[in-house]
Amino acid sequence: MRNEYPRPQFVRKNWQDLNGTWRFAFDDQDRGNQEKWFNHPEKFDQKIEVPFAYQTKLSGIDRQEVHDIVWYQREFDWQHEAGTRCLLHFGAVDYQADVYVNGQLAGKHVGGHTSFTMDITDLVQASGNVLSVRAQDYHDDEEIPRGKQYWHPESAAIWYTNTTGIWQSVWLEPVGKNYLHNVKFTPDLDTDSVAIEFQLNQAVENQYIRYFISFKGELLVEDSLKVTSAIMSRTVPITAGKIDRGNFHNDGWTWTPANPNLFDVEMILVDQQEGVLDQVTSYFGMRKIHTEKGMVFLNNRPFYQKLVLDQGYWPDGLLTAPTDEDFIKDIQLSKEMGFNGCRKHQKVEDPRFLYWADQLGYLVWGECASSPIYTPKAAAALTAEWFEIIERDYNHPSIVTWVPLNESWGVPNIHNNSQQQNFSQGIYHMLHALDGSRLVISNDGWEMTETDICAIHNYSHGAADETKKYQHFKDTLATVGGLIDMPPGKWGIFAEGYEYQGQPILLTEFGGIGYKVGDQAGWGYTTAENDQQYLDDYARIMAAIYDSKALWGYCYTQLTDVEQEINGLLAYDRSAKVDLAKIKEINDQYYPERIDISHQW
């Protein structure tokens with residue numbers, strides 16, 4: 001059961017976990033007739049373990065047939081002082097959620113990958129409250145962001161089993177009439193300061209925000225702001241002019257994968273007469289990411305990214321990790337193999353994973369599920385999810401790049417369709433407008449428009465005996481000209497009307513060696529029959545990457561097997577296919593001085 005606090009970037013001590021056993025039902029007949037459910041508990045003919053979708057083993061149901069509408073129900077008590085407000089939080093519900101408390105509509109949310117909150121104070125009573133959730137997720141709707149969830153009944157190729165309904169934690173929080181709504185931290189490494197934006201649910205006179213910033217137990221900042229509006233801001237110096245706190249000589253107090261330094265923050269909302277109204281803890285990291293001279297810089301130093309593609313699926317939980325420790329395990333195994341980060345592929349990951357990436361020092365490229373087709377409705381649905389992604393995940397120092405589009409999914413005619421090109425441009429600039437602290441890739445893989453990184457996919461390395469194919473693969477990667485002018489297929493690296501502008505070039509999908517475990521069936525881009533073949537093929541592919549004088553990083557496909565894909569470095573259950581130390585030995589063969597940043601071709 002998932003019972004850890006679900007939102008580690010904004011923590012209150014007092015909360016009520018609603019995960020666990022709920023009543024559950026498929027709604028294949030009464031579509032649109034919600035009233036029939038509230039007073040008929042006999043309709044809830046099953047039980048389910050939240051937050052696991054009914055398609056998973058851990059849900060207790062483990063059925064994969066299609067049911068586009070499902071219902072959840074449970075009771076809860078709410079015994080708090082008069083005047084206490086009740087906030088109901090959902091980590092994620094795929095795709096549309098209608099929430100009812102004691103038979104009354106509390107609210108609706110559309111979007112399957114982001115968190116939402118409802119104030120249900122006026123609907124709750126001291127005991128015996130009935131919480132009902134109707135989740136609607138039409139499996140064949142190609143206008144909604146689906147990612148790797150297949151729009152046909154059974155998984156196949158690169159698409160997997162669907163997730164329907166609640167798949168992240170549900171919880172309650174008591175707050176006062178006035179409370180802290182959110183906080184945003186924007187570190188500025190160049191001025192050794194952090195900008196803090198405090199957001200309140202409302203502004204009230206005679207109230208103050210007190211906040212404390214600590215580093216490894218040492219109190220650095222103690223300050224107080226008088227509340228004059230619902231959004232208050234302050235810029236705070238961090239290093240106090242001490243050279244060793246910056247990264248002039250070493251990492252100092254900055255956040256890096258090698259030294260994931262974090263600053264702890266405590267925030268208290270105080271009323272002069274009523275005392276403490278709200279108390280929240282959070283954290284931030286002093287981290288800067290930018291590009292310059294064809295390179296990616298982390299904290300103003302050139303940084304070569306060694307990423308692994310991570311689908312974020314588990315055999316017993318699909319999109320939902322079985323335990324919090326599973327997030328830790330994935331990160332530790334990746335680092336054990338010599339990777340310094342991941343690209344979370346076609347999934348907005350649970351905040352608990354991002355918390356552990358912050359804590360353990362692990363770069364993350366954040367990506368949202370794509371829709372299969374382009375329509376104005378599909379474009380609006382994807383855009384809406386990105387507003388909520390930025391709002392939820394802005395403070396995580398581990399996230400260094402946003403990836404709004406992948407391989408022209410959802411924009412299939414972007415190569416020469418101006419409307420779809422405008423959408424790519426629009427979402428690229430929108431993300432920069434919402435978040436100026438990270439890089440944005442316009443269309444990872446090919447057919448890019450304006451982009452901060454030239455992100456290229458190439459699986460054409462060939463089998464071990466296909467020497468000419470491998471040599472072509474190696475030659476293509478060797479120079480900027482080869483990468484830009486010789487794409488792996490019919491697509492251009494840039495969409496028509498756009499061209500390479502000297503951005504850092506990363507190979508962000510490649511490899512995918514298939515190696516089955518036991519009697520497992522499936523596929524990979526090439527195959528290996530034993531451990532030595534697998535390691536030889538991996539070394540062969542990586543040699544082409546490291547011989548390139550143009551690449552400034554990579555993202556290998558992929559971390560684990562997923563269903564019919566057996567091209568992971570790890571099996572689906574996270575067991576090692578080969579000696580991980582030997583993978584690390586190959587990954588560690590890169591030397592920064594081998595990179596030619598002159599970009600002459």
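1. Basis. Because the model is predicted, local features need pLDDT of at least 70 and side-chain atom pairs count only at pLDDT 80 or more, while totals for chains, interfaces and linings use all residues. Residues are numbered from 1 along each chain as its sequence is written, and side-chain values use heavy atoms, with hydrogens and water left out.

2. Cores. A nonpolar core is here a set of buried Ala, Val, Leu, Ile, Met, Phe, Trp, Tyr and Cys residues joined through side-chain atoms within 4.5 Å, where buried means under 20% relative accessible area, exposed over 50% and partly exposed in between, with a 1.4 Å probe and protein chains only. The largest such core has 98 residues, of which W386, C454, I505, Y534, Y538, I545 and L569 touch the most other members. Helix 8 (residues 531-547) gives the most to this core, with eight residues; helices (H or I, at least four residues) and strands (E, at least two) are DSSP runs, numbered from the N terminus. Another core, of 29 residues, lies apart from it and includes V50, L88, L131 and I166.

3. L569. Contact means heavy atoms within 4.5 Å. Leaving aside neighbours within four places in sequence, L569 is in contact with residues including V308, M337, F339, Y534, Y538 and I583.

4. Helix 3. Eight of the 10 residues of helix 3 (residues 351-360) are buried, among them F353, Y355 and W356.

5. Helix 5. The 17 residues of helix 5 reach 24 Å from first C-alpha to last, close to the 24 Å expected at 1.5 Å a residue, the expected span being 1.5 Å times one less than the number of residues. N417 caps the N-terminal end through a side-chain oxygen 3.0 Å from the backbone nitrogen of Q419. S424, which belongs to this helix (residues 418-434), counts as buried because its relative accessibility is 0%; leaving aside neighbours within four places in sequence, S424 is in contact with L405, I414, S442 and T449.

6. Three strands form an open antiparallel sheet in the order 13-14-17, where two strands pair if DSSP finds at least two bridges between them. Strand 13 (180-188) and strand 17 (231-237) are the edges, each pairing on one side only. Strand 14 (residues 193-200) pairs with strand 17 over seven bridges, and I196 has R234 as its bridge partner in strand 17.

How values were computed. A polar contact is a pair of N or O atoms within 3.5 Å; within protein, one must be able to donate a hydrogen and the other to accept it, and residues adjacent in sequence count only if both atoms are side-chain atoms.
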